[in-house]
2 protein chains.
Amino acid sequence: MSSPRITLKDLAKELQLSPSTISRAIAGHPAISESTKKKVRKKAEELGFAPNSIAAGFRKKRTHSIGVIVPKIDVHFHSLVISGIEDLAYREGYNITIFQSKDSIDREKEIAKILQNRLVEGIIVCLSNETKSYTHFKKLVKLGVPIIFYDRVPSDFQANKVVIDDFGSAFKATEHLIEQGCRRIGHIAGNQGTPIFRHRFEGYKAALKAHKIPYNPNLVLETQNLSYEEGATSAHKLIALPQMPDGVFCSNDYTAISAVQVFQKSGFKVPEQIAVVGFSNYPISRVIQPNLTTINDRAFQMGEAAAKLLIRQIEDEDNAIDFETITLKTDLVIRESSLRKK
Amino acid sequence: MSSPRITLKDLAKELQLSPSTISRAIAGHPAISESTKKKVRKKAEELGFAPNSIAAGFRKKRTHSIGVIVPKIDVHFHSLVISGIEDLAYREGYNITIFQSKDSIDREKEIAKILQNRLVEGIIVCLSNETKSYTHFKKLVKLGVPIIFYDRVPSDFQANKVVIDDFGSAFKATEHLIEQGCRRIGHIAGNQGTPIFRHRFEGYKAALKAHKIPYNPNLVLETQNLSYEEGATSAHKLIALPQMPDGVFCSNDYTAISAVQVFQKSGFKVPEQIAVVGFSNYPISRVIQPNLTTINDRAFQMGEAAAKLLIRQIEDEDNAIDFETITLKTDLVIRESSLRKK
DNA sequence: CTGAAAGCGCTTACAG
DNA sequence: CTGAAAGCGCTTACAG
């Protein structure tokens, strides 16, 4: 059943030609005569020749392979980013090899080591949330492997990066609540050890300030993982305040949805008594009742942008282009959960 | 910045040893003296030697690489499967290279061609929904590349396969509705051109039969893609029937959730007046109100099982093991949307 | 237009 | 315990 693979040599012998000629004929080299090319291609087809692109890449020192490290593949945000990466890489003739760090720094280091040896031409990384130092990535850079970071990016590491405008998005979200008439606006925040969640918190505060609404730390609840459960706990705390908020900006959709449900179960009307805005535009946000107003974080575009930038760097022979940080604009997707003024 | 990669040869020159010895020392070959090994390892560390595993693989004719073709990465089911594949492959020392067919037969064929040339050691596939013939995969098999299919599998193709028990799951789901007192049970079905959805439909009918409930074709609505929108349309049709159903089994969670919402908006109580069961146990199903009863389709386990079976086949030197179809058992996850008897 | 030769970075059977 | 040699399947500079 599994006949041994046909090689250039086999074809050469069969056709009484040299392997060089076969190689050139297959590659469509202009120096080869049309008649030879035709003959070679016919025979190749006949024998089921499949060129060994690993061998070719090995010879040419290219693998056309990009390594991708994500915390977890099945987190919708990451699967969307990967989808964007795959799409662009495919168009550009690159393959993507995927690893999940599972938010473990040890696993991330192991993967970095594997990647050193597998000669990927570049790497796209979203840091594990345990990652504080980057020596494992520095080694790769020293070996000449370009690395680009997305979303969770290191601040003190020279590299290409793609992030979304967390500050600006949070500002927009909060401002929207203000425009809808909210004056006591709460915030369910992510882990403040993580820059992106800190930026969202900053954006929230900045929007309040811009609209001369005093910042009230009692209305801000920090969570560990922005889990559905923590969303509920936080919502209960907000309700229990002497004066509860009339709007909440949540750092992701899970906490937002969970908060909406707690408010409703406790007899408050959303958005009339309390308006809610989430962050990420998960599919669920347009399904839940009321539909959730949220930030479209453009995960697919983020993947595309990361792959594009990385490939540019890979193909930038003389290393002429400087590092760059792309900040993707986001949209506020306004739905029912925040819409008081129709 | 990017110093050229150190090779075995460089190390050999540096240490006045032969490349053979270096190679063996790095690999921990027993014939090499401890002192030499120590010396080599020290120097390797010092010079930042990263063995070129592509070259080694090329020499040994191994890539330790598995190709994965899925319709879309960002569909939660597939991202969970991929996660399971990655997890097991990682433990076994394999990398996974991912492609999305985007449900296009043309793209699937292109990918199959790429995979022929990239010398993956095996392939895991969920067929595009356009795929009717399998010549592109037959070529790969002829080249000696094992292929395993999951979920959407070809019926007339000899290969390892992993599927879930669609028939049994649908039977279980429908029987559960009957046990909850439903007597007029509807079904929102997937595209009947796709075997898995046909099997679910069969399971539904079989459960009715087993409980002596007459099958009524008016209660069954076939959809194209089981989309959220089609769920709503179907629900409206069910409501419009002269006698509407008191329970619905839906072939996925999207249609189920959308149906629940339509029923509620139309003033019907779920589950009291109409009970609903979905299929897939998407994260959203435990968040929606009421929580959705659904089938846990064990996507992660499916990925693990596929990778395990594939690797077994890869490493089965003398090709002694016969093809196998693994049918994964599923759980009915009972939640509020169907629970009438507390 | 075609071919002979060298070599990409490893491993391994053979020899000592 | 260590080394010299061959070779995995290609590509490409050099030669004719």
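The model is a predicted one. Chain A can be laid on chain B by a turn of 180° with a shift of 0.0 Å along the axis, at an RMSD of 0.0 Å. DNA strand C is surrounded by 27 residues, and DNA strand D has 26 residues around it.

**Relation between the two chains**

- Superposing chain A on chain B takes a turn of 180° and a shift of 0.0 Å along the axis, leaving an RMSD of 0.0 Å, and this is the relation of a two-fold axis.
- Within chain A, the C-alpha nearest the axis belongs to A:Thr97, at 2.2 Å from the axis.
- Both copies use the same surface, in that 100% of the contact residues of chain A recur in chain B.

**Surface near DNA strand C**

- Two arginine side chains of chain A approach bases of DNA strand C: an N or O atom of the A:Arg24 side chain is 2.6 Å from a base oxygen, while an N or O atom of the A:Arg59 side chain is 3.3 Å from a base nitrogen.
- The side chain of A:Lys61 instead places an N or O atom 2.5 Å from a phosphate oxygen of DNA strand C.
- The helices that each supply at least two residues of this surface are α2 (19–27) and α4 (53–60) of chain A, together with α1 (8–15), α2 (19–27) and α4 (53–60) of chain B; of the contributors, α4(B) gives the most, with five residues.
- By residue class, the surface near DNA strand C divides into 11 nonpolar, nine polar and seven charged residues.

**Surface near DNA strand D**

- Backbone atoms from both chains approach phosphate oxygens of DNA strand D, with a polar backbone atom of A:Leu8 at 2.9 Å and a backbone N or O atom of B:Ser18 at 3.0 Å.
- A base nitrogen of DNA strand D is approached by the side chain of B:Ser20, whose N or O atom is 2.9 Å away.
- At least two residues each come from α1 (8–15), α2 and α4 of chain A and from α2 and α4 of chain B, and the largest share of this surface, five residues, is that of α4(A).
- The residues near DNA strand D divide into 10 nonpolar, nine polar and seven charged.

**Helix α11 of chain B**

- Helix α11 of chain B (residues 253–265) has 13 residues and reaches 18 Å from its first C-alpha to its last, close to the 18 Å expected at 1.5 Å a residue.
- The helix is mostly covered, with 10 of its 13 residues buried, among them B:Asp253, B:Ile257, B:Val260 and B:Phe263.
- The elements that cover these buried residues include β6 (185–189), α10 (228–239), β8 (247–250), β9 (275–277) and β10 (294–296) of chain B.
- At the N-terminal end, B:Asn252 caps α11(B) through a side-chain oxygen that lies 3.4 Å from the backbone nitrogen of B:Tyr254, whereas just after the helix B:Gly267 takes a positive phi of about 90°.

**Helix α12 of chain A**

- The 17 residues of helix α12 of chain A (residues 299–315) should span 24 Å at 1.5 Å a residue, which agrees with the 24 Å that separates the end C-alpha atoms.
- Buried residues of α12(A) include A:Met302, A:Leu309, A:Leu310, A:Ile311 and A:Gln313, and their cover includes β1 (65–70), α5 (76–91), β3 (122–125), β4 (147–150), β5 (160–164) and β11 (325–328) of chain A.

**Residue B:Thr330**

- B:Thr330 is found in the loop between β11 (325–328) and β12 (331–333) of chain B, and B:Thr330 counts as buried because its relative accessibility is 6%, where the cut-off for buried is under 20%.
- The side chains of B:Thr330 and B:Ser169 are joined by a polar contact of 2.7 Å.
- Not counting residues up to four places away in sequence, B:Thr330 touches B:Ile164, B:Ser169, B:Lys172, B:Ile295, B:Asn296, B:Asp297 and B:Arg298.

Terms used:
Residues numbered from 1 in each chain as written. Chains lettered and ligands numbered in written order. Predicted model: local features only at pLDDT ≥ 70, side-chain atom pairs only at ≥ 80, totals over all residues. Heavy atoms only, no water. Near = heavy atom within 4 Å. Polar contact = N/O pair within 3.5 Å; in protein donor to acceptor, adjacent residues only side chain to side chain. Helix = DSSP H or I, 4+ residues; strand = E, 2+ residues; numbered from the N terminus. Nonpolar A, V, L, I, M, F, W, Y, C, P; charged D, E, K, R; others polar. Expected span 1.5 Å × (residues − 1). Buried < 20%, exposed > 50% of the residue type's maximum accessible area, 1.4 Å probe, protein only. Contact = heavy atoms within 4.5 Å. Least-squares fit on C-alpha atoms with pLDDT ≥ 70 in both.
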